[in-house]
Structures are given as structure tokens and as C-alpha cells.
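Please open the structure in your viewer and keep the selection tool at hand. The stops below say what to select and what is there.

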Amino acid sequence: MALDWYLAVSALIFCIGAGGVLVRRNPLVVLLCLELMLNAANLALITFARMHGGEAGQIFALIVMVVAACEVTVGLGLLVAISRRNLPIDVDKLHELNG
Amino acid sequence: MNAHPYAMSFLLATAHIHGPHISWAELSPIAVLGVGALVVLLVGLASSQMVRARLVPTLTLVAIAGAIGTEIWRFSHAPQTIVAGALRIDDLALIADLVCAVAAVAAVLLAWRARAPREAGQGEFHSLMLFSLMGMAVLVSAQDLITLFLGLELLSIPLYVLCAAEYRREGSLEAGLKYLIIGSVGSATLVYGLALIYGATGQTGFGAVAHVLASQSGGGLLGDPLLLTGIALVIVGFAFKASVAPFHQWTPDVYEGAPTAITAFMATATKAAAIAVFLRFFDFTLTAEHVNWAPALAALASVTIIVGNVGALGQSSLKRLLGYSGVAQAGYMLTGLVVGTRLGVSATMFYVVAYLLMNLGAFAVIVHQERVSGSDRMAALSGLGRRSPLLAWSLTIAMLALAGIPGTIGFIGKVQLIHSLVNGGYGWLAIVLVVGAMISLGYYLRVVAAIWMTPADARGVAVAGAGPLAGAPVAAFPPIAGGSPEADLQASAGGGALGVERLTGDPELLLVAGVFGALCIVFGVIPGPVFEFVAHAGAALVGLR
Amino acid sequence: MIFAHASSAPFSLSILIWLPLALALVCAALPARVTGRALAALSLLPLALAVTFVANFNSSYPFPQFVTDHSWIPSLGIHYALAMNGLNVSLVLLTTVLFTVSLAWSALRDIERPRLYYFWLGLAESAVLGAFLAQDLILFVAFFDLMLIPFYFLVGSWGSGERVRATIKMVIYTAVGSFLMLAAAIATGVIAAGDHHTALNFTFGALEHLPVSRTDGEWLFLGFAVAFLVKMPVVPFHGWLADAYKSMPIPAVAVFSGVVAKVASYGFLQIVLPLFPQASHHFQVLMLIIALVSILWATAMAFTTRDVRLVIAYSSVAQMGFILLGIFSLQAPGAQGALLQMLNHGLVTAAAFFIVAAVAARSGGSERMDDMGGIAFRAPLLATLFLIVTLANLAMPGSSNFIGEFMILLGTFQSHLAIALIASLGVVGAAFYGLRLFIGAMHNRVGGRVQSFEIKRSEAIAIVPLCLIILVLAFYPQFGLSRSQASVNLAIAPATTSAFRGSQSAAALLPTFASLDGPAGWWAYPLLAGVSHSLPGKPRRIYTYTTASSGSGSGQ
């Protein structure tokens with residue numbers, strides 16, 4: 001199977017993730033979509049690592065996973081803090097700051 | 001890591017030593033910050049409130065001073081590539097490090113009596129700031145796609161938390177979440193772009209990527225859709241970080257919501273680091289493809305200049321105004337990058353230094369305004385000239401410098417940028433820059449008018465008495481778990497009448513405002529030292545005209 | 001060499017420039033109630049210094065004198081270069097005179113926040129002197145922009161009416177021009193250095209050796225021209241004028257209209273004509289038409305407005321139109337007349353603004369012509385002074401203004417007859433609105449709230465010295481002309497059409513310029529093909545340049 005298909009899937013996942021970030025309102029879902037985007041990058045990295053035969057892409061993917069975990073931790077922490085303040089969990093209703 | 005031939009032979013040559021050689025001297029600017037962050041975090045656990053409130057910020061300052069010391073020590077040494085080709089400690093990196101470190105010193109001083117470190121905990125607040133600074137140091141010296149990403153995240157993640165440090169205030173939490181989401185979108189886009197560049201070249205080291213691109217004959221960038229997409233995504237990712245339009249929408253919101261000390265840190269240090277890595281990535285790694293990416297970045301810079309300046313026109317909140325102004329200034333800095341010459345790199349770094357000096361003084365005044373009047377509205381500036389002449393002058397100088405009035409460093413910065421643009425054949429971009437500067441007068445001068453030209457009646461003081469910093473809003477919040485004890489103490493203390501000395505400004509604010517205001521003028525009249533300083537940055541990037 | 005070298009002065013020009021600012025800072029340290037009087041008295045020092053320089057000035061030497069030249073920003077080739085020449089010598093003296101008078105006027109009045117007020121006036125004087133004396137393009141732009149800041153504060157903090165709106169409008173209008181000029185200035189240096197493969201250098205002397213190409217020159221010309229036209233101002237760049245002049249405090253408006261606006265017209269002579277001669281020639285008609293429209297439009301406005309201050313403001317627009325006309329006649333008499341007229345108009349307009357304030361003080365604070373009238377009956381001395389100023393303003397034969405306008409029109413007649421004829425209408429119009437203002441304010445029926453009284457000490461201190469100088473100049477206009485003649489000829493020579501674009505007249509001029517020597521040899525243009533090798537050195541180059549530009553019409 002050609003490696004191109006892995007790239008196609010990765011691009012698709014990236015687009016789904018990016019679309020979700022733009023469209024969805026629940027911050028939890030937005031965080032999930034961010035994970036999708038990062039994992040699309042991981043898939044692409046692994047594919048390229050396979051293509052070029054080096055280990056750099058795999059190391060890169062591992063580091064991306066670590067970073068993704070950090071981001072999600074901070075994001076969930078913020079969500080907990082927000083929910084304790086009884087603020088609406090909806091990115092559109094967070095209108096204290098008007099964009 | 002990639003198998004860099006030089007690193008491999010180096011490892012073979014030193015095979016008798018167990019473990020790799022660690023270049024402590026070159027690593028020291030980064031290592032000092034890491035150690036400092038851990039120490040600060042531990043000391044922050046002390047039970048004595050005095051220790052937490054005084055010793056922790058002091059230790060933070062010591063750590064940053066240590067970093068500054070090592071950076072000055074390493075300055076103008078021959079560039080060293082360390083950690084198996086992952087980092088390159090050269091003068092560009094060290095200048096950006098120094099700028100970030102100075103911004104961090106100012107941010108610590110601005111946060112000295114602020115709510116944010118008390119609420120978030122002194123140890124956590126300051127150690128996060130040090131980690132973020134360390135991330136900047138890694139980012140600006142990154143010489144590898146992986147280190148680039150790692151540095152960017154090490155910079156960003158602590159900042160997400162710091163933005164939400166005043167977590168009893170709705171605006172701060174929102175700013176944190178908003179910054180997290182937008183910042184992560186930027187990171188994800190960037191990492192995807194980096195992945196594609198890796199895919200197209202098979203390399204992660206900047207030098208290796210540059211080598212592959214330079215050796216590609218024929219099609220070049222446009223002939224390779226993978227590389228083209230990768231570079232476009234990388235531009236987008238960086239643009240989010242450096243708040244370049246049209247990816248800037250988060251900037252005013254986050255600047256307004258975040259604690260002001262953190263806003264000052266983000267506005268200056270993050271931007272400096274982002275611009276430095278922009279420079280290294282485009283003017284070194286992709287320099288062979290200059291003709292292909294330069295028009296795109298030139299268009300981006302023009303849009304940024306116009307959008308930022310127009311957006312700032314209608315703002316009444318000073319922090320939002322500085323947010324939009326920062327967007328416009330990022331556009332100015334990008335123009336130097338577009339040219340892709342040594343002159344352009346030097347001009348950009350000069351403007352980064354100028355931007356640092358111009359903004360920190362202004363932010364010190366905003367912190368003061370928030371403490372005495374509870375808001376950063378422009379109208380509350382009325383009578384500042386009478387209440388606190390030093391702060392009023394600092395803000396005036398900062399605004400005039402940002403507008404590019406002669407006698408200030410902002411003027412020299414713009415002269416140098418226009419010089420590099422005309423010299424590099426981008427005369428039209430110089431005109432865009434100039435048009436942006438004209439528009440910017442419309443809002444910078446409104447701030448100056450608010451300070452000096454509204455009647456200094458009792459209004460300013462009345463506002464000051466009505467909503468002091470620890471007033472009703474804090475006390476009204478229900479106590480929630482996880483807060484630091486000081487925050488509760490502060491909340492119960494309530495807002496009493498402010499003393500007279502409060503109106504003239506806290507000493508550390510006066511220090512920051514005075515020093516940076518004075519530097520704006522001094523380097524505006526005698527720019528020679530700064531020129532010599534930033535000329536090293538242009539020389540650090542090999543392969544430039 | 002038939003021209004003697006410049007004589008040296010005992011002081012550096014830097015002292016002259018920075019003394020006003022230093023004095024203002026010193027006086028700010030004094031108790032607030034004496035700041036003004038101390039500064040007014042001390043401002044005689046820069047005036048005396050300026051007089052020393054003028055006395056030492058060698059009128060027959062057309063090149064920069066009392067040169068100060070230090071490298072300011074070496075990496076950008078920017079110099080801190082100052083010098084006096086025939087173009088700025090009388091304007092520098094005018095600046096110190098007007099600031100001294102304005103400070104004296106302010107010192108005898110109660111000013112809010114006096115320290116800041118005098119600081120800004122001191123900075124303004126330093127900046128204006130700097131702009132006049134700068135011999136480096138970037139330094140000039142820096143002083144030109146810096147001039148704006150004091151007036152921004154003077155209008156915004158001490159003005160009347162809609163002062164904040166007026167000041168922001170003024171700054172934005174003028175900054176649009178200033179920033180374009182900054183870009184054009186940098187581009188001039190970079191393009192000139194690039195075309196001729198030399199190091200970057202922004203001094204006028206160096207740039208005059210390095211002409212930019214014709215097409216580049218045209219764009220750069222426009223950048224400078226917009227800045228100067230806005231600052232002067234002339235129609236259609238005058239949008240800020242009425243509001244700003246209306247709300248500016250009287251001492252500020254006197255110096256603004258008296259000298260700050262002159263920096264712009266001086267810039268045309270000192271920078272635009274020598275550096276962009278071909279573009280100046282190319283845009284000559286456009287500039288003449290702008291000047292003409294200004295004269296006619298401003299005359300009409302001055303004739304219709306009922307506001308006394310605006311009459312003076314519009315009259316100064318008309319006068320600036322005349323000055324522009326003289327400069328772009330590209331004829332020696334026209335340019336000399338323009339320079340003389342800058343001096344005359346600076347004195348007259350400042351005196352007129354002070355008189356307006358004195359008259360307004362007698363009519364219940366109103367500056368409407370309807371509220372005035374009949375003031376002359378109890379104030380004959382004031383009326384006499386007003387009459388002197390009015391007659392000078394309408395260029396009565398015998399006044400120095402008459403000579404200025406006459407020379408301007410003479411120059412314009414030589415180059416464009418039709419434009420000169422129409423512009424003459426402006427002279428007639430000036431007589432109408434000038435006399436209408438005088439009669440409306442001083443004679444006619446006594447206004448409703450008028451309480452006439454004789455001129456007071458606090459008013460005389462500003463008006464009397466200015467009127468005396470106007471009278472002296474009327475008898476001795478040579479004061480301005482003799483000092484400027486050599487430099488003006490040199491400045492307009494490259495752009496002059498009839499004398500320099502025809503090979504015949506160029507040949508006629510050769511004996512004159514063959515003997516010239518000095519640091520600013522504008523004629524040292526690069527050699528071109530078809531050189532007449534029989535001529536020696538510099539004359540050959542003049543000849544080459546002039547014949548080349550008249551022959552092909554494209555020059556370099």
C-alpha cells in the first residue's frame with residue numbers, strides 16, 4: 001500500500017480537527033479537535049519517518065504526544081476552574097472579552 | 001535526532017567517555033533558567049508568607065540576572081551548535097534571549113504587588129514565568145524542527161496558565177482558555193507544517209534542510225507541493241504566535257484579560273522570541289527559497305500593519321490598544337524579515353529591542369492605573385500628569401516612540417527598517433510602513449491627549465477612590481479551593497482609601513517606567529550602541545547578503 | 001578664487017540650537033511664578049548669539065558657513081551636520097526674534113502650568129532652529145517632525161475651543177506629509193548611494209553630488225513636496241489650518257505662522273530644488289497652479305470670514321502661495337523675492353496675531369469683526385501700529401513686502417506670464433481684505449462690548465519691536481536680499497530653465513561658476529558622453545550637464 005494514503009488520511013484528520021475547532025462550541029470538544037490536529041501531524045510524521053527511514057520523525061512524534069498531553073492537562077485545568085466559577089462552558093458565551 | 005555527520009564523528013572521537021559531552025558553557029543561559037525555576041518552585045512551598053512574597057520574586061530576579069550574565073558572557077563568541085545539532089548558540093539567539101530576559105525582569109517587578117502571584121501562588125507563578133523564559137531561550141536557539149516545536153510549547157504552555165493566574169476573575173480565566181485554544185491551533189498547524197517540511201526534505205536540522213533546498217535544482221519551492229504546503233502552514237503557525245494578521249484576533253482579548261504583568265511579558269518577550277525564530281527559520285533555513293516566500297510574507301506584513309493600526313483606532317482600553325498596536329508593530333518587524341538581507345535582520349532586531357523599551361514603560365503605567373483606578377480606560381488617565389509626573393512622562397514618551405517621533409528610539413527603528421526595505425528593493429513596503437505610522441498617530445496621540453489635555457479636575461482622583469484594586473469584586477467571589485492564603489487575606493482586607501504615595505506610584509513601577517522611558521530617549525539620541533549590538537544578529541545568520 | 005572663505009564664529013551652531021531648550025529646562029527648575037519672566041529675559045541670549053552669527057556671516061560666500069559636522073549614526077551614514085548659508089541666515093534670526101517676543105508676551109500673562117508651557121516653547125525654538133540649520137537630510141526630517149510635538153501640546157493643553165480635536169487634526173495632517181518625507185529622504189540617500197556605488201551619506205553636500213535618476217527623482221520630489229505643502233499650508237492641504245490657528249494660544253500661533261510654516265518653504269529652496277532639479281522642472285506648472293489656487297482661494301476666504309484671527313490665517317495662506325509661486329518660478333528674482341517674503345511675512349503675521357489679541361482684549365474677548373469697531377478713537381498708538389502692519393501685509397509700495405512680492409511676480413512673469421497676471425489679483429485682494437480688517441476693527445461704529453484703551457505694556461512688548469523691525473526692513477530690504485543672493489542663485493541653478501537648460505546661456509554663466517570653489521560643488525555631476533574636453537575641470541562639467549539635459553531632456 002502506498003504511503004500516500006497515510007498522508008491523505010492524515011490530511012483528512014487534520015481538516016476534521018481544524019473544522020471542529022472552528023465550528024464546535026463546547027471547549028471539551030474543541031480540545032478533542034485539537035488532539036485530532038496534533039495526531040494528524042503524528043501520523044504524517046510517522047509516515048515520513050517510514051518513507052525516509054530515519055528515526056527523527058518518530059522522535060518528533062513522541063515529543064508531540066508529550067506536548068499534547070501537557071496542553072490537554074492545562075486546558076482541562078482551566079475548564080475545571082471555569083466550571084467552579086459556574087461560568088457557561090461554551091466558547092461563544094464567554095463574552096466578557098468581546099473579540 | 002538526525003544523524004548529523006559532524007556529531008557522529010564527534011561522538012566516535014570521544015567514545016571512551018561514558019555519556020555524551022555536555023557543553024555547559026553554551027547551555028548555561030538555558031540551564032540557569034531551568035535550575036532557577038525549580039528552586040523558585042521549591043522555595044514557594046515555604047510556609048512563611050514573608051518568604052513567599054519577598055524571597056520568591058527576589059530569587060526569580062536572581063535567576064534571570066544569572067541568565068543575563070551568562071548571555072552577556074557568551075555574547076560575540078563564535079557560534080556553537082550543541083546537543084547533537086539541536087541548538088545553535090549564536091548572537092541572534094543571545095540578543096533575543098537578552099530581550100526576553102529584560103522583559104521578564106520588568107514583568108516580575110510589575111507583578112511585585114499584583115494580585116496574580118498571590119492568587120496563583122508565588123512559587124508557581126514565578127517558576128512558570130522562568131519556564132516560559134527558558135522556552136524562549138530554547139526556541140530562539142533552535143536549530144532543528146523538533147527543538148523548534150519543543151521550545152515553542154515550553155514557551156506557550158506556562159503562558160496559558162499565567163494568563164489565567166487571576167483565576168477568581170472571569171476575564172483572566174477566559175483569557176487563559178482563549179489563549180490556550182488559539183495557541184494550540186497555532187501549534188498544531190505549525191507542527192503539521194514542520195512534518196510536511198520534514199517529509200519533503202527528509203531532514204530535521206535547519207542546516208540540513210537548507211542544504212537540501214539549496215541543492216534542489218529546477219522546480220524549487222513551487223515545484224514541490226509538499227514543501228509549499230508545509231511552509232504555508234509554518235507561516236500560519238508562527239503568525240498565530242507573533243500575532244500577525246489575519247491570525248491576530250486573540251491578541252487584544254487575551255492582552256485585556258490577562259494579568260497586566262503577564263500581558264507585558266507576552267507582548268514583549270513572546271513577540272521577540274517569535275520574531276527571532278521567524279528570522280532564523282526564513283532567513284537561514286529557507287533562505288534559498290527567498291524569492292518564493294518573500295511576496296507572501298510581504299503581503300502578510302502589509303495586512304498586519306494596516307489591520308493592527310486601524311483596529312487600534314477605536315479602542316478605549318489601554319491594554320487592548322497596546323494589543324492592536326503590538327499587531328501593527330509585529331507587521332513592522334516582519335518587513336525587515338521579508339527583505340532577507342543582513343541589513344534587514346539587523347533592522348528587525350533593532351526594532352525588537354526598540355519595541356521592548358517602548359512597551360515596558362507603557363505597561364508599568366497601566367499597572368499603576370489599574371491599581372489606583374481599577375481600570376485601564378483611557379479616560380482614567382486624566383490628570384495623571386499632576387498626580388504622577390514621572391509616570392505621565394514615561395507613558396507620553398512611550399507613545400511618541402511607538403508613533404516614531406524623532407528623538408526617540410522608535411524613530412531610529414523606523415529609519416533603519418525603511419533603509420533596509422529601500423535597499424532591498426521593497427520600496428512599496430516602506431510606503432505601507434509609513435502609512436501605518438501615520439494611522440497610528442491617531443490613537444497614540446489620543447492617549448497623550450488623555451494624559452495632558454483633559455482638565456485635571458477631581459475626576460481622576462474620584463475614580464481612583466471608587467474602585468481600588470482590592471475592592472468589592474474580589475470580596476464578592478466565593479472562596480474556592482486551591483487558592484493561596486494571600487489571596488484570601490487580600491480579599492478580606494477590602495479596599496480602603498489609598499494613600500497619597502499610592503497615587504504617585506509604587507517604587508518598582510516608577511523604576512520600570514522611568515528606566516524604560518529614559519532609555520527610549522537615550523537610545524533615540526545615541527543609537528550607536530544598539531546598532532553595534534544588533535549588527536551581531538545580522539552577522540549570525542550565514543548565507544545572507 | 002574670488003570668493004573669500006567663510007569667516008568662523010566664536011561659537012558652534014550647536015550652542016545656538018540647544019541653548020533655548022537648555023534655558024527652558026533651567027527655568028523649569030525655578031519657582032513657577034518667575035519661570036516665564038526669567039526665560040523671556042534669558043531668551044535674549046539665543047537672540048544675541050544669532051545676531052553674532054549673522055554679523056560674522058560672509059554674504060558673498062554662497063556655501064555653508066560655520067559648519068559643524070559629526071557622524072551621528074555611522075551605520076546609516078547620518079551626520080549631525082549644521083551650517084548657515086544665505087538661505088537660512090535671516091530665517092534663523094527671525095526665529096530667535098519671534099520666540100523672544102512670544103516669550104515676553106507670555107511672561108506678562110498668567111499661564112496655567114507655566115513650567116510645561118515654557119518647556120514646550122523652548123523645545124519648539126530648538127527644533128525650529130535645528131530644522132533651519134540642519135545640513136543632513138535625516139537630521140532635517142528629525143527636526144521637522146520634532147517641531148510638531150511642542151505645538152501638539154501647546155494647542156492641546158493651552159488652546160481654546162475644540163483644542164484636542166484641532167491639535168490631533170493638525171498633527172495627523174502634518175504627519176502624513178512628514179512620514180512620507182521620511183521615507184523619501186531615506187530613499188534618496190539609498191538610491192543615490194546605490195546609483196553611484198558610494199557609501200550611504202545623507203548630507204546635502206554629498207547628495208548634491210549624487211543626482212538620482214529622473215523617474216526616481218519625480219517620486220521623491222512628491223514625497224517632499226507633500227510634506228512641505230501641508231506644513232506651509234497651501235490649498236488643498238490646508239484642512240487643519242483654520243481649527244489649529246483658531247485654538248492655538250497667541251504666542252504659539254505667532255511663532256507657528258511666523259517661522260514654523262517657513263521651514264517648509266525653506267525646505268523647497270534648500271532641499272527640493274538642488275536635489276531634484278529635473279523633477280522640480282517637471283512639476284513646475286503643477287506647483288505654480290497650486291500656488292495660484294492658494295492665493296485666490298485664501299484671498300476669497302479672508303475676504304468673507306468675519307473672524308479676525310482667520311483673516312490673518314487665510315492671509316498667510318495667500319502669502320505662502322506667493323512664496324511658493326516665487327520659488328517655482330525657477331527664476332533668480334522669484335526665488336530671492338520668496339526668501340525675502342518669508343522674512344517679511346514672518347514678522348508681519350506674528351505682529352498681526354499679537355494685534356488681533358490686543359484688539360480682542362478690547363472687544364470683550366471676542367475675535368468676531370462684528371463685535372469690534374471704533375477702537376482707534378481711544379487707542380491711537382495701537383491703531384498706528386495696526387496700520388503699519390496692515391500696510392506691510394498688503395504690500396504697500398515702500399514696504400519690504402512690496403519688494404518681495406514685486407520680485408516674486410517679476411520672476412513669475414519671466415517664466416509664466418499668464419500665471420503671474422492672475423496672481424497679481426491676489427495683491428489687489430490683499431489690499432481689500434487688509435483694509436477691511438483694519439477699518440472694521442479700528443474704525444466704524446463702536447462695537448457693543450468694546451472698551452477701548454491705549455496699548456498696554458504687556459502688549460507693546462511684543463508689538464512694538466516687531467513693528468520697528470518691519471519699518472527698518474522697509475528702508476533696508478537689502479538686509480535680507482544681500483545675504484541670500486549668492487546662495488539662492490546656487491540653489492535654484494540646477495533647476496532653472498532658461499539659464500541652465502540652454503547651452504548658450506550655460507556658456508554665458510561659465511565665467512561666474514568657473515571661479516566658484518567650496519565644499520558643496522553641486523555642479524560636480526558625473527561626466528557624460530560628448531564632453532567638450534577643451535574646457536577645464538568644473539566648467540566642463542557644468543557645460544556637460546547643462547547641454548546634456550537640454551539636449552536629450554532626460555539627463556542622467
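This is a predicted model: local features need pLDDT of at least 70, side-chain atom pairs count only at pLDDT 80 or more; totals for chains, interfaces and linings use all residues.

Select chain A and colour it by secondary structure. From the N terminus on, its elements run α-α-α. That is three helices and zero strands for chain A. The chain has 99 residues, of which 34% count as buried.

Next, show chain C together with chain B and select the residues where the two touch. How many residues does each chain bring to this contact? Chain C gives 26 residues and chain B gives 28 residues. On the chain C side, select residues 137–158, which are helix 6, and residues 163–196, which are helix 7; each of these helices supplies at least two residues of the side that touches chain B. Which of the elements of chain C has the largest share of that side? Helix 7 of chain C does, with 14 residues. Colour the side of chain C that touches chain B by residue class: 21 residues are nonpolar, three are polar and two are charged.

- From helix 17 of chain C: C:E405, C:L409, C:T412 and C:F413.
- From helix 18 of chain C: C:L417, C:I419, C:A420, C:A423, C:S424 and C:V427.

By class, this contact between helix 17 and helix 18 of chain C has seven nonpolar residues, two polar and one charged.

Last, colour chain C by pLDDT. Its mean is 83, and 87% of the residues of chain C reach 70 or more. Where does pLDDT stay under 50 in chain C? One such stretch is residues 510–540, for which the model has 45 contacts beyond four places in sequence. Then select residues 546–556 of chain C, where the pLDDT is also below 50. The model gives this stretch 20 contacts beyond near neighbours in sequence.

Methods
Residues are numbered from 1 along each chain as its sequence is written. Chains are lettered from A and ligands numbered from 1 in the order in which they are written. pLDDT is the predictor's confidence in each residue, from 0 to 100. Two residues are in contact if their C-beta atoms, placed from the backbone, lie within 7 Å. Helices (H or I, at least four residues) and strands (E, at least two) are DSSP runs, numbered from the N terminus. Ala, Val, Leu, Ile, Met, Phe, Trp, Tyr, Cys and Pro count as nonpolar, Asp, Glu, Lys and Arg as charged, and the others, Gly among them, as polar. A residue is buried if 20 or more other C-beta atoms lie within 10 Å of its own, exposed if 12 or fewer, and partly exposed in between; C-beta atoms are placed from the backbone.
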